[in-house]
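Before reading the comments, please look over the chain from end to end.

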Amino acid sequence: MHGLFRNIKLLFWMRAFLNFKILNIVISIFYIHRGLTLSQIFYLGLFWAGAGLLFEIPSSYLADRWGRKKTLLLGLAFMTAHWILLMGAQGFAQVAFAVVLYGIAYACFSGTDEALAYDSQRESGQESRSLSMFGKYQSAQYVFKIASVVIGAFIARDLTGGQFMTLVSLDVVATMVAFILGLF
């Protein structure tokens, strides 16, 4: 039973680190710095949404067939690949490919993490406390948001290429921490 309670704590911190996203404070400026136009930045959102929609059902199938933990780890691998590719991406095609990987990663998480948290609650006999647990779990998305915005704005104050790389590197590290937590 101890491991089941640990699942929820690990999922909370995994989601918190996954939602660190310090680059998001200046993401549009980052894209422009990498050679994209404003209309291309708009299209990135469509690529992300399209990839998420296309992989929603296959990722759900994987979670049921292959296992929730493995599907989450696959999502974390796609997210890590997204950040690493974004580090060197130049132009629309390369950035769009990285964003598609991000959409696939999102699909791997969509519902899978909540299902694992709920299964852990149910198996530990705490199913009646699931609503409270989900409220706390959802707050994981916001744990680092206040600090990451302030830190991101401070780091990228001059909007140089090196500052952008620092932000992306911090997002890679946060995603790797989430991946390590996901292993447990």
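Predicted model: local features only at pLDDT ≥ 70, side-chain atom pairs only at ≥ 80, totals over all residues.

1. Residues are numbered from 1 along each chain as its sequence is written, and side-chain values use heavy atoms, with hydrogens and water left out.

2. The chain has nine helices and zero strands, where helices (H or I, at least four residues) and strands (E, at least two) are DSSP runs numbered from the N terminus. Of its 184 residues, 41% are buried, a term that means under 20% relative accessible area, with exposed over 50% and partly exposed in between (1.4 Å probe, protein chains only). Among contacts (heavy atoms within 4.5 Å) with a separation of 6 or more, 79% join residues 24 or more positions apart.

3. The axes of helix α3 (residues 38–65) and helix α4 (residues 68–88) come within 6 Å and cross at roughly 140°; axes are lines fitted to C-alpha atoms, for helices over the stretch in contact, and angles run from 0 to 180 degrees between N-to-C directions. The two helices α3 and α4 are therefore oblique to each other, since angles under 35 degrees count as roughly parallel, over 145 as roughly antiparallel, 65 to 115 as roughly perpendicular and the rest as oblique. On the α3 side the contact is made by Ser-59, Leu-62, Ala-63 and Asp-64, and on the α4 side by Arg-68, Thr-71 and Leu-74.

4. For α4, the 21 residues should span 30 Å at 1.5 Å a residue, and the end C-alpha atoms are 31 Å apart, which agrees; the expected span is 1.5 Å times one less than the number of residues. The buried residues of α4 include Thr-71, Leu-76, His-82 and Trp-83.

5. Is Ser-59 buried or exposed? Ser-59, which is found in helix α3, is buried, with a relative accessible area of 2%. A polar atom of the Ser-59 side chain lies 2.7 Å from the backbone oxygen of Ala-107. Leaving aside neighbours within four places in sequence, Ser-59 is in contact with Thr-71, Ala-107 and Cys-108.

6. Asn-24 lies in the loop between α1 (2–18) and α2 (27–33) and counts as partly exposed, at 37% relative accessibility. Asn-24 and Val-168 are 144 residues apart in sequence, and their C-alpha atoms are 9.5 Å apart in space.

Methods. Polar contact = N/O pair within 3.5 Å; in protein donor to acceptor, adjacent residues only side chain to side chain.
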